[in-house]
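Here is a quick walk through one protein chain, with an eye on what sits inside it. Have the model open and follow along.

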Amino acid sequence: MAEIRSDIECMTTPSWLTDVPNNLGEPSHGKLKSDQWQTLGTTYLPISLIRLWDQNGDEAHDSCSAQHKILLSVTLSLVSVVIITSSRTVSSEKADLYLKHMQNYLAGLCDLFLLYKFLPNHHMALHLSEYICLYGPIHAWWTFPFEHLIGLLQHIPTNFQNGCPSAIKNCQSYFAKLVNPQIHNTLLTDISRFSVDLKDNTPFDPKDMTSIPEDTYKALRTHFQSTVPPRAAKFHTFYTMNGLTFSVFTQHQGNGSILVHHPLCPSVPAQIESVIQTSSTEILFVVKYFLKTMARDPFKKYPALQASLWSQNLGQLAIVKPQDVETHFACLQLIWDDSWCIVVVSLSRVFIYLNTVQHVTYLRYKNINWNNMSLQWALAVP
């Protein structure tokens, strides 16, 4: 537990990701909310468990290590189920993958706990793959917002009071809490991004333009290729797009950690060095990509986690258009195979099943931002 708490404290995350208590497991932090459970289970816990229980790869030297491997596999099957069902896109392949992971999870419970008694919810979960195919992404039909509001209303004292006008009146403030854009957590950010514009307006005044440093100008020349790039630009510390804030890395490490679409790789982690505006309509991110590591990547075995191992070293400056940014990522620095690496965890709400080649090709061809796909298109995925 101490190792997990340490990872929670040391992991770099964007400002919108729901906080998880650093003293996890102690009564002092109270009961975790469902949003915290999801963030813990899909972002923090898998990284810690793989770091602790998969150091020797597939080789288990003792019975304890072998037991940890089984427990890790069962746990990550459950985590994969949550990630797949929370995705904003659906397909028959994803439904089949969901069912496979759910069956592995239930079979693993039988192997680990011989006297374990299943509940009706376990049986119902086996049918969720059918519902995904019938109704589309669960964001379109889940009842979480209503259950959340009911939980809030339950705390309103109404005993021995005639009627309920005060309770109804109080609903306004509770609804405001549910959709208030100033409240930063994963659920509310996820909800708000269905209705935001592709990018927000950034004020531009040519008088604010300053000379571009030589290393940045070199990257601009590479980016513009056949045209001559401007010698001056306005520098911003942050830029808001798709309801998310992207900051210069020195301003906020988590908001400056991004995954970028790349021709040679589905997504590559990078950190934002500066945000420049060359005209009233053009914003560019000046970034440094993380380099690949030679260490064994234990996360390849669990594609639903959308996690990967990279070197902590950075490349040269490069230019990225905002529309090529996929999402933020969370990361944790660690020693793996005797070298310093970082674990990069995608925070995208679109799980791309790599066997679904047509989906990936379509997204690249259309140059659609994966985090801003409309719900109507997502429901139309075959």
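The lining of the largest cavity takes at least three residues from domain 1 (1-140) and at least three from domain 2 (206-346). Keep in mind that this is a predicted model.

How much space lies in that largest cavity? About 140 Å³. Its lining counts 15 residues, and those closest to the centre are Thr-42, Ile-83, Gln-306, Ser-348 and Arg-349. The largest share, three residues, is down to α2. Sorted by class, the lining comes out as eight polar, six nonpolar and one charged residues. Altogether, the structure holds five cavities of 30 Å³ or more.

You'll find Gln-306 in the loop between β7 (283-290) and β8 (307-311).

Now for the nonpolar packing. In soluble globular proteins, nonpolar side chains tend to be buried together. Here the largest nonpolar core has 57 residues, and Ile-258, Phe-285 and Val-287 have the most contacts inside it. Strand β10 (residues 325-336) supplies the largest share of this core, seven residues. Where does the core lie relative to domain 1 (1-140) and domain 2 (206-346)? Both domains give residues to it, so the core lies between them.

Zoom in on Val-287 to see who surrounds it. Neighbours within four places in sequence aside, Val-287 is in contact with Ile-258, Ala-270, Gln-271, Ile-272 and Glu-273, and also with Gln-316, Leu-317, Ala-318 and Val-320. Its partner Ile-258 is another of the residues with the most contacts inside the core.

There is also a second, separate core of 13 residues, with Val-74, Leu-97, Leu-109 and Leu-112 among them.

## A buried residue and an exposed one

Next, look at Phe-224 and Gln-225. Phe-224 sits in helix α10 (residues 214-224), while Gln-225 belongs to the loop between α10 and β2 (232-236). Is each of them buried or exposed? The table has the values.

| Residue | Relative accessibility | State |
|---|---|---|
| Phe-224 | 19% | buried |
| Gln-225 | 67% | exposed |

Why does Phe-224 count as buried? Because buried means under 20% relative accessible area, and Phe-224 has 19%. Gln-225 is exposed because its 67% falls in the range over 50%.

Leaving out neighbours within four places in sequence, Phe-224 is in contact with Pro-229, Pro-230, Glu-282 and Leu-284. Phe-224 and Ile-319 are 95 residues apart in sequence, and their C-alpha atoms are 9.3 Å apart in space. As for Gln-225, its phi is positive, about 55°, although Gln-225 is not a glycine.

## The whole chain

Zooming out, the protein chain has twelve helices and eleven strands. Of its 382 residues, 46% count as buried. Take the contacts between residues at least 6 apart in sequence: 63% of them join residues at least 24 apart.

Conventions. Residues numbered from 1 in each chain as written. Predicted model: local features only at pLDDT ≥ 70, side-chain atom pairs only at ≥ 80, totals over all residues. Heavy atoms only, no water. Core = buried A, V, L, I, M, F, W, Y, C linked by side-chain atoms within 4.5 Å. Buried < 20%, exposed > 50% of the residue type's maximum accessible area, 1.4 Å probe, protein only. Helix = DSSP H or I, 4+ residues; strand = E, 2+ residues; numbered from the N terminus. Domains from an automatic or database assignment. Contact = heavy atoms within 4.5 Å. 1 Å grid on protein atoms, 1.4 Å probe; cavity = no way out; pocket = protein on both sides within 12 Å on 5 of 7 lines; lining within 4 Å. Points joined across faces, edges and corners; volume = space filled by probe spheres on them. Nonpolar A, V, L, I, M, F, W, Y, C, P; charged D, E, K, R; others polar.
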